[in-house]
Amino acid sequence: MDKFEKAFNDIIEKDLKVEPRDWMPEKYRKTLIRQVSQHAHSEIIGMQPEGNWLLRAPSLRSKQVLLAKIQDEAGHGLYLYSVAETLGITRQEMNAQLHSGEAKYSSIFNYPTLTWADMGAVGWLVDGAAIVNQVSLQRTSYGPYSRGMVRICKEESFHQRQGYEIMVQMAFGTPEQKEMAQDALNRFWEPALMMFGPHDADSVHKGQSMAWKIKRESNDHLRQRFIDRTVPQAEFLGLTIPDENLKFNEETGHYDHSPFNWDEFWNVVNGNGPCNEQRLDHHKKAHHDNAWVREAAAAYAAKTETIVA
Ligand code: 3HC
């Protein structure tokens, strides 16, 4: 083992942070680019289902709060694209990988948002799941990713509360509003659990990602933590989790649940979900229509560089 590899292994072993200028195994760099760029894509694509309700929000306050949340997601995407760029990939390359289908984004965003209660379910469940995953990622071994997670988690907590506030208003509102909240929970519960990825036994990246401390806890471990935390919140709302086998197990201290529909998961991951085509088409159109912004920014940068030089 040469001195560079030894230094890298020491950093991992001592729970220190790998920084952009440190030597790192090519595979470490590549799997981080894979995970971080897909995380960034998820943040940006995730703006679409919520953007669908910006003009339909039921009050000025709910519109302002939703707008603030969506703007946060854009910022999270930019942090994460910047983290990926420290690993040697350009924004253009990441964009091309998204548009070609080479890069993934979280399957959850391929489901439609049909009612205002969906804005509650998304904030409560999707951002709630993201918090469980991202709090764990604060301890990831790559420095820029870890620091980005600390900042993102602070904002994610506002997102989860924004969603839960909508669910409280609906669940304790009129019977029709409560029915809308239950329908949103029915449609978003299992897709939110899928955000944690396949079972550990089927997680192709688990072993190496855990060995390099990129991933600090396994998919199933984080998913169970989310289930255990969320069931009581649904009970407070007086809503029913759409899983007839969900039951608290006194022995384990966790909720037992039904097996997941992995065919549905892989079907959506592989591009056949209800909104996959719409999400990518929208992103491609926005990228094309806003090329002038990139060109203007580049021209301005070139001009100011000339003046400064
Ligand atoms: N949607 C799409 N693809 C998924 C997926 C999902 N929900 N879960 C897993 N996959 C993919 C993986 O990317 C991998 O494919 P790849 O090799 O082409 O990348 C394959 O399925 C096998 O899964 P693994 O468990 O082996 O992969 P990982 O070890 O990377 O674990 C992960 C998957 C848990 C999503 C991990 O990548 C991770 O923690 N990523 C960072 C967090 C993230 O991306 N969250 C997405 C949501 S972001 C968000 O919620 C924003 C919030 O503001 C709303």
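**Before you click**

This is a predicted model, where local features need pLDDT of at least 70, side-chain atom pairs count only at pLDDT 80 or more, and totals for chains, interfaces and linings use all residues. Residues are numbered from 1 along each chain as its sequence is written, and side-chain values use heavy atoms, with hydrogens and water left out.

**Stop 1: the whole protein**

Now colour by burial. Of the 309 residues, 49% count as buried (under 20% relative accessible area, 1.4 Å probe, protein chains only).

**Stop 2: Ser-37**

Select residues 26-45, helix H2, and find Ser-37 there. Is Ser-37 buried or exposed? Ser-37 is buried, with a relative accessible area of 2%. Show Leu-32, Tyr-81 and Met-94: Ser-37 touches these, not counting residues up to four places away in sequence. Contact means heavy atoms within 4.5 Å.

**Stop 3: the cavity**

Select Gly-46, Pro-49, Glu-50, Ile-108, Phe-109, Tyr-111, Val-122, Val-126 and Phe-188, which line the largest cavity. On a 1 Å grid over the protein atoms alone, a cavity is a set of points where a 1.4 Å probe fits but cannot get out; a pocket is an open set with protein on both sides within 12 Å along at least five of seven lines; lining residues have an atom within 4 Å of a point. The cavity's volume is about 40 Å³, the space filled by probe spheres set on the points, which are joined across faces, edges and corners. Helices H3 (47-51) and H6 (116-137) each supply at least two lining residues.

**Stop 4: the second largest pocket**

This pocket has a volume of about 750 Å³. Of its 22 lining residues, select the closest to its centre: Ile-44, Asn-95, His-283, Ala-286 and His-287. Which helix gives the largest share of the lining? H12 does, with 6 residues.

Note on methods: Helices (H or I, at least four residues) and strands (E, at least two) are DSSP runs, numbered from the N terminus. Buried means under 20% relative accessible area, exposed over 50%, partly exposed in between (1.4 Å probe, protein chains only).
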